[in-house]
Structure formats: C-alpha cells, structure tokens
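Hello,

Here is the structure I promised to pass on to you. Please have a look at it first, and then read my notes below.

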Amino acid sequence: MYRFSIFDFALALALLLTSAGCTRTFWRGRADREVAYLVAEKSNNPRWAVPAGFNLNIDPRSRFYDPTNPDHPPLPPDDPYSHVYMHRVDGKRAAPWWHINGELPQLPNPGWRQRLAEYCEMTPEGAVKLDLPGALALSYIHQPLHRTQLETLYLSALDVSAERFRFNLQFYPGSSLSFLRAGQKANGVPISPGSTISVPRSQLTVINDTAPGAPATISREFASGGTLLVNFANTFVWQLTGPHSNNTNSIINMSLVQPLLSGGGRIITLETLTLAERTLLNNLRWYERWRQAWFMNVSVGQNAGQGSLGSNSLTRKGGGFGGTGITGFSGTGVGGLGNVASAAGFGGFGGGAGAAGLGGQATAAVAGAAGGGTGNVNGFYGILQQQVNIDNAQNALNLQTRTLRLLEANLDAGLIDIAQVDLFRQSIETSKATIIQARILLENQKDGFKQGVLGLPPDLPMVFDDPLIKQFQLIDPRLNDLQAKLADFIERTGAMSGQPSQEEITQMTGDLTALAGEVGAALPTMRGDLRLLESRSSERTRKMTAVEKQEFLNEKQRLLDRAAQLETRFGQLEVTRDEIAEAAQESNPDELINSTVGLTNELAGLAQEVALVRASARLESIVIRPIELSTVDALQIARAHRLDWMNLRSAVVDQWRLICFNANSLRSVLNLTVNGSLATVGNNPIKFEANNGEITLGVQFAPPLTRLLQRNNYRQALIQYQQVRRQAIQFEDTVNITLRTDMRSLTLFEVNFEIQRQAVRIAIRRVDQTREILNQPPPPVVPGQTPSALGPTSATNLLTALQAMSDSQNNLMSAWLQHYDERLQLHNDLGIMRLDNRGMWIDEQIDQSLAQLEQMYPLPPELPVDWLKDAGLAPPNLYPTEGVPPLGGTKAQVQAAAATPETPRPRADIQRPREEVPERESETLPMPLNEPALTPDASPGEEPSPGGVLDEEVQSEEPADDESSAAPTSQKAKSRLWPFKKSVAVADRKEVEPRASVVQFRQPAKRDE
C-alpha cells in the first residue's frame, strides 16, 4: 500500500483550503475599503470633498433600511401564483434552497416610525414638527435619490479599481485531482493501438493549472501597451498499485507582445484608466453640485423634475456590458463609449445654466412681479407661504365676522342700510369657501412634499413651521385670539338683562380684569418690536436716498409716539376698570353693564391699534439683502469657482484625447514578440535546465492598407471634438446670460419688495381709518330727528381695506421669498454656494462668501511649463496677452458698465483667467515657430519681412524704448507665435491648399489701461 509523505499531505491540504474560497462578507468588505480609499484620494480639495466615512451603509432609522444579512438576504414577498414556478417549472423540481435564508414579511424597515422621535421634534399629538433643517435631515435619511447618487459614486470608484487592476501582477492558480481505478481485465490493455503503455490499475494524478488543460497564469499589462503572460503547469502522478512509482514534470511558458505602432503606447493603454480616474473626480464635484441643488429643491422647490437637479446628477462612464471598469470602450462616440454612457455635463451642462435656470425661473419672476409680486415659491418655504396666506385670509375673515356684528347693531339702530350689511355677509361666505379650497390644496401640496421630496409616506402627520417665515406674520395670532375673546365678552355682557345675580356680576368683572390684563401684556411685546426696528434702522437706511431716509425716520418716530399714546390710554382704562370693579356692588346693573361694554369696546379698540402698531413695526423691520455685483465680475467668479464648469473643461479634454486615440489605429501594426518555454528534466518538479528550453524572438508587421473603418472613426472623433468644443463655448454664453438674468431679477425683486412694503403701509392705514369710522359712537339724536346714518360706502371701504391688507401681506412675503429664491440661485450659478455639515446653505453676502472661498479653497495653480511642453504647447504663446484690457474692459468700458443698474460695482481684484481672449480691434494671427511669415508683397520664393505685420503704421505705433529697439523685431513677433507646426500665410488663396491657409488681421493699437 502506498504511504503518503509530508509533502503529499501538505499538497492535499493546500488543495482543500484553496477550494473553499472566501465568504461573501469578506469580498464585500474588501470592496468597501478600496472604494473608501479611492474616494478619499480624490477628495483632495474641500470644495468637493465628501464627508469622512463614505460608505453605502443605510441609516438604521430610514424606512429603506434592511435589517437582514446583506450577503444572505431572505426571500422577499412574492406573488403566490408566480412563486409556484420557483419550486416546480415545466414539471421539473426546482432548486430547494430558495427559503434557506428565511422569508421577509415586508419590504420597509418595520421600526422606522418608532425612531422618528430620536432625531425629529414631535408635537404632543405625535406629529413631526418640521423646520427646514429637519426637512433636509429627513430627506437625506429617507429619500432614495440621495442613495442613487452615493451608489453611482461607489460604482464609479469600482470602475477605477477595475482599471487599476489591469496593470497589477495577476496570478490565476488552480489544481485538479483525479483518481483512476481499473479492473483486472483492464490492466495491461494498451491505451491506444500501437502503444506500449498500459493503463494502471490504481493511479492518483494532481495537475496544477487554472482549468482543465490550462496552465496556471501570471499576467502583467504594462503602461506602454505590452502584455506579459507566464504560464506554469506541473503534473504529479502516483501509481498506487504495482511498483508504487511516481512521475513528475513541470513546464514554464512565457509570451511578451509589445506593440510599437498601432495599438501601442500610453495613449492607447492608459486611456481607459485615465477616463475612469477623471470620471471619479468629476463625480465628486457633481455630488457637491447635487447637494447644493438638493437644498434648493427642498427649500424653495428649484431644480425639481427635469431641471438642473437632474443635470447635476452623477453619471457613470463604466459598467458597460454588466461589468465594472471601462468595458466596451471603443474610442468613438461622445465620451468614447457610444451609447454605453454619455459624457458628464453635456446636454444640460449642470445647474443654473440650463433651460430650467433660465427660462422657467426668469419667466416666473417676471410674471410674479407683473401680478403685484404674487408669485409663489415651491418646496418647504412654498408650503409655509401658502400656510401664511391662508392664515392672513382667516384673520381677515375673523375681522369681517367681528365687524359684521357691529354693522348689524348699526342696522338695528338705523345707521346703515341693509345693502351694505348683505355685501359684508356675502363676502364672508365667499371667503369661507375660498379658505376651504385653499386648505385642501395645501394638504395636497404637503402630501406631495412628503412623498416626492422627503421620501416618506403621505399619511405621516406633520406640522410645518420655521422661524424664517414668522417675520411675515405681521398680525400676532395671539392678538387675533384676544380680539375674538373681547368680541365674545361684549356679546355675552350685552345679552345680560334684568337683574343679574351677584355671581354673574363677579364673573363679569373677573373676566373684564383678565381681558384687560391680556391687553396690557401686549404692550411690552409692542415695545420689543419697536426695539427690533431700532436695531435694524442702520441696515434699512444704508442704501436709502436722503428723502427716503427722512420718510423712514418720520414713520419710526410716528410709531414711537403712537405707542406712547397707547400706553397712556391703557393706563386711563385701567383706572376706569378699577372704578367699575369698586362700584360693582352698588351701581345700577344696567349702568354697570353699559360701563363694562363701553370699557370693553375701548379695550378692543386699543388692542386693534396695538396690533396695527406692531404690524407696522414688524413691517419696517424686515430687511432684504441687496446684491452689489457687476455681471462682468459675476462671470469671472463663475468661471473660477463653478464645479460643473471644471467638469466641462475635463469633458472637453476627454473628447480631445480621443483624437489621438483613434489616430493611433491608422498606423501600421508593428509588434515585437518574445516567446519562450522551459521544462524540467527527470523526475523532479523544480529541476529546470536551460538545455530543455527554447526562446523565439519575432516581429509582426501589417501595413495600413485597409483602414476604412479606422479612418471613419478618426474623422468622427474630429467632428465630435468640434461639436463638444462648440458646446463648451456656448456654455459660457449660457452661464453669462443666466447670471445677467439673475442680476436683473434680483434688482426687480428688490424694487418690488419696497413697493409691496409701501402697499402694506397704505393697507394698514386704510384698515385703521375705516375701523375708527365704524367704531365712532353716533352723535346724540336731537328729539324729532332721525339718527345720523353712516356713509353709503362705509362697509364697502372696510371690506376693500381688509382685502387689500391680506393681499398686500401676501405680496410682501412673496416678493421677499422670490428675492431669497433668486439670491440662492445666484450663489449656485456663481459656484460660491457653501453648505454646512447638515447640508444647510450658509447664507452670506457675496463679498463675504467670496472672501471665505478664496481663503479656504484657493484656486488651483497654473499647469507647470514642463507639462505643457510635453503636450507640445508653449504657454507664453498659446494665448497672447498684449493689448488685453484690465478686468471689465478698458477704463471707459468699466465706467460705462458701472453706470448701468445691473453692473453696480466691478471688482478689480479678480484676475482675468489666462484662457480669456478678449475681442481685438485688429491683429495678425501669429505664425508657426521657427517659420518666417509671408507678407502680401512677398512671393513664396522671396524672403518675407519678420513678424508678418501687414501695416507699417501699426508697427510704428509701438513704443520705441531702448530695450524694445535693441531687440530684433523678429523676436517680438516670435513671442506671440502659436504652437502650430504647419501654417502658411499667403496673398493668393488660389495657390495654397485650404488646410494650410491662415487668416491675417491687423495688430491692435495700444489701449488705454
């Protein structure tokens, strides 16, 4: 019997261990760690760095959290009729393992509702009390769109991992074990006719390879395009019967292929890796842009649907044909992938510059202003805006209802006609129906916000509240409640007849004292609103003219004087209240009731005046942040800071590289090949000898005779690059017009807000005047004459004043929110929008935000000169700088631009980017390096004049200082040359091919700096 050695046992153990492999959890953890490293590597700039600890783990509080094992998820709920086919299909028994991991009773996380209180403020009734930070936090936890962006970023990092793996040393080992047992009669039978080898009765064979018949492989791909394959295989055969002999042999094969022309070089080999690395960096920038767009979507509803929220989404260029890496890369199509994926940024170019940021927003802005500023924002603040509008309408309805009682009393006294009272009654019923309809629409809007934005079910109870919107509640709701209490008390007291009991009198005087106390408690809050107005006076008057400032100061002083008068009046009413309380036991009940009703009317009037003073103070305290920025500077800021613009430049270069990529296939095939093998000698698996080996050196060559498809792909790459280049140029124009639209809209909303502020002032004054007219007691009636009637339009005046009060408040809030919306859009369009760790916008002035960005996020340095030289570019000559005016144009241009409303103040401290080439008056296109230029008078065989300048007068305008005169004219012209390798200037276009022609211009005259 054969006895196994220690070597045999170790070999069998190795085979057993390698066959088991690693678990799913192991490989998932390895992928997570590598992706985290790649993302952290690309997060090398705070402007697009993702938060630390990037991963795909779902928050356990999310309704989409899966508490089960991610590597062995249980069976989800299935359709019962379809489920039958998982166990038996076409009469055949299916696999029995479908229920091995258990069954999932429901898809949503079962405990997400119970965990809401951990991170949300809850009302006593169990509803979520939602403000803007809370809404943003809920959206990040529950909204699937955010998960999609993170997953795309993760997959983009996997593409980088796959492309880097191509250049690693890859080893694919494997082993196979076989055992042969032959019967008595089979022993000695030749394996094949004429063979002297017989089949053994018992034999054990071990072959180390990757697959049956395939050797173990070590491969390596080099950046130069070469591919190295090293194959290793050995065989161990043990005869378990007979002489117990064994036989071993090993062999090593090596193959090296290095393309020298077509298919070789770093341009071809590194292209997919370069594309994957740049795409991951671009996706980090897109993720930051998406977060900014998401805040705008949550807060004011911008960029929803097909707007820039979608164009800011991350895109993955890899993943074609179901794998990771840039699989299926052909070098053709926009981005080099044809229909597999599109180049990031093209088609919409990102936020703010697309149709949503230009057409929809601008149109809505103008339409809202034309309608008196009644445009509405969307999102969270849109819901609050509708809520405040309904509250204003309800307050007006309550005031109408209270006024109706007074009108009905005047109708009974013969002081007003029935037509005016009925007009009031009809208006009240119409207002009730309008409010009911508005509340239904508001509930529908809330349900859509919960489901579409927050990712929550619409039946989740939620209360919307935010301190930003409270500044537009000019009338304190507590004062409205106090007005209702005073009206009810007057009605109850006036209904008392006969001899009221002592208990009723005590209750009446106690209620009167309590109501008077509530009116008195409103006076300190009125003083608080006036102090707030005083603290914001300097900011309010900063941009006012002398006349406007004086009017503001007069209005503020009027409010202070009126507040002092109200406090004095309340002191007098307090004395009257004390007198009524003292005489309650002795006075005539009728006189006591009349005195109580009269005092309550005085308190109601005082409370109404306090409410109006507070409304005026709050109105004047609202501040709108003006924007002082020229459109010239806005474009320069956007060019330097917009992350999508950075991605756009990257995408243009990606397309530009494909020209060289496709041009490589037009070359001849010239490959250097090296093949060799080395085998062992004797019965020793490691005894390799050079005498038992061979090596072959070869060259593979194929001339470029059939290159039609390659030619077409190359021409397509040229055309597509020009298309992408034109789109990039148009992108700047689109950003420019978007920024100009933003600035005009901001100016419009600033003016409209002040108009609406004045409208609210007038509405408050109208309500105050009409209310005083109705509340004035009628003059004593002369015996024999009818009482003096109120005016024929008294009720109508009050009704229109109340409606104007409600509408003007809504318009004021609308104008402010639209300005806030547009200011938010401007920060996003400029690329200087900053978010905190919660994803909330850091609302800063433009200058402060820009200074903060320049300090925290310095602009990238210029490319090293050596890099540009390696690319065949000479940076001093690529974009000539002679005659370039300063930022904003010449001095006259800057002054003219500063005089327009849309360019209030140019910033002279922003440097003009090097790639900006301003429009020139006349210029000579620089000639190729080391090639003289031809003047129109020079023939191809004559020596041309240096510099290629057409007009001698233009040359004479240059300053003739010592240094410039000492240098040759040809050197001056050389400093402006473009790095074209082949270019000829001609006088006669008919004698030169079109591809060699160069258009000439005049040299620009010296401009005023």
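This is a predicted model: local features need pLDDT of at least 70, side-chain atom pairs count only at pLDDT 80 or more; totals for chains, interfaces and linings use all residues.

Strand E10 (residues 246–259) and strand E12 (residues 669–680) run antiparallel and are joined by nine bridges.

**The chain as a whole**

The chain has 28 helices and 13 strands. It runs to 1009 residues, of which 42% count as buried. If you take the contacts between residues at least 6 apart in sequence, 78% of them join residues at least 24 apart.

**Helix H17 and two of its partners**

Let me start with helix H13 (residues 477–494): the axes of H13 and H17 come within 10 Å and cross at roughly 165°. Since angles over 145 degrees count as roughly antiparallel, that makes H13 roughly antiparallel to H17. The crossing of H13 with H17 is left-handed.

On the H13 side, the contact is made by Arg-478, Leu-479, Leu-482, Gln-483, Leu-486, Phe-489, Ile-490, Thr-493 and Gly-494. They meet a set of residues in H17 that includes Ile-593, Val-597, Asn-601, Ala-604, Gln-608, Ala-611 and Arg-614. By type, the residues of this contact between H13 and H17 are 11 nonpolar, seven polar and two charged.

The other partner is helix H14 (residues 502–535), whose axis comes within 9 Å of that of H17, with a crossing angle of roughly 15°. H14 and H17 are therefore roughly parallel to each other, and their crossing is left-handed. The residues of the contact of H14 with H17 divide into 19 nonpolar, four polar and four charged.

**Helix H4 and what covers it**

How many of the residues of helix H4 (residues 132–142) are buried? The count is nine of 11, so H4 is mostly covered. The buried residues are Leu-132, Gly-134, Ala-135, Leu-136, Leu-138, Ser-139, Tyr-140, Ile-141 and His-142. Among the elements that cover them are strands E4 and E11, along with helix H5 (144–165), helix H7 (271–300), helix H10 (379–412) and helix H11 (418–452).

Two of the helices in that list, H7 and H10, also pack against each other: the angle is about 10° and their axes are 2 Å apart. H7 and H10 are therefore roughly parallel to each other. In this contact, Asn-297, Val-298, Ser-299 and Val-300 in H7 meet Gly-379, Phe-380, Tyr-381 and Gly-382 in H10. These residues of H7 and H10 divide into four nonpolar, four polar and no charged.

E3 pairs with strand E4 (residues 128–130) in the antiparallel sense over two bridges, and Met-122 stands opposite Val-128 in E4.

**Two single residues**

Leu-229 is found in strand E9 (residues 227–239). Is Leu-229 buried, exposed or partly exposed? Its relative accessible area is 35%, which makes Leu-229 partly exposed, because that class lies between the limits of 20% and 50%. Beyond its neighbours within four places in sequence, Leu-229 is in contact with Thr-217, Ile-218, Ser-219, Asn-253, Met-254 and Ser-255. Of these, Thr-217 is 12 residues from Leu-229 in sequence, with a C-alpha to C-alpha separation of 6.8 Å.

The other residue is Asp-90, which has a positive phi of about 55° although it is not a glycine. Where is Asp-90 found? Asp-90 is in the loop between strand E1 (88–89) and strand E2 (92–93). With 66% relative accessibility, Asp-90 counts as exposed.

Happy to talk any of this over.

Best wishes

Notes
Residues are numbered from 1 along each chain as its sequence is written. Side-chain values use heavy atoms; hydrogens and water are left out. Axes are lines fitted to C-alpha atoms, for helices over the stretch in contact, and angles run from 0 to 180 degrees between N-to-C directions. Helices (H or I, at least four residues) and strands (E, at least two) are DSSP runs, numbered from the N terminus. Angles under 35 degrees count as roughly parallel, over 145 as roughly antiparallel, 65 to 115 as roughly perpendicular and the rest as oblique. A crossing is left-handed if the near helix is turned anticlockwise from the far one by less than a right angle, and right-handed if clockwise. Contact means heavy atoms within 4.5 Å. Ala, Val, Leu, Ile, Met, Phe, Trp, Tyr, Cys and Pro count as nonpolar, Asp, Glu, Lys and Arg as charged, and the others, Gly among them, as polar. Two strands pair if DSSP finds at least two bridges between them. Buried means under 20% relative accessible area, exposed over 50%, partly exposed in between (1.4 Å probe, protein chains only).
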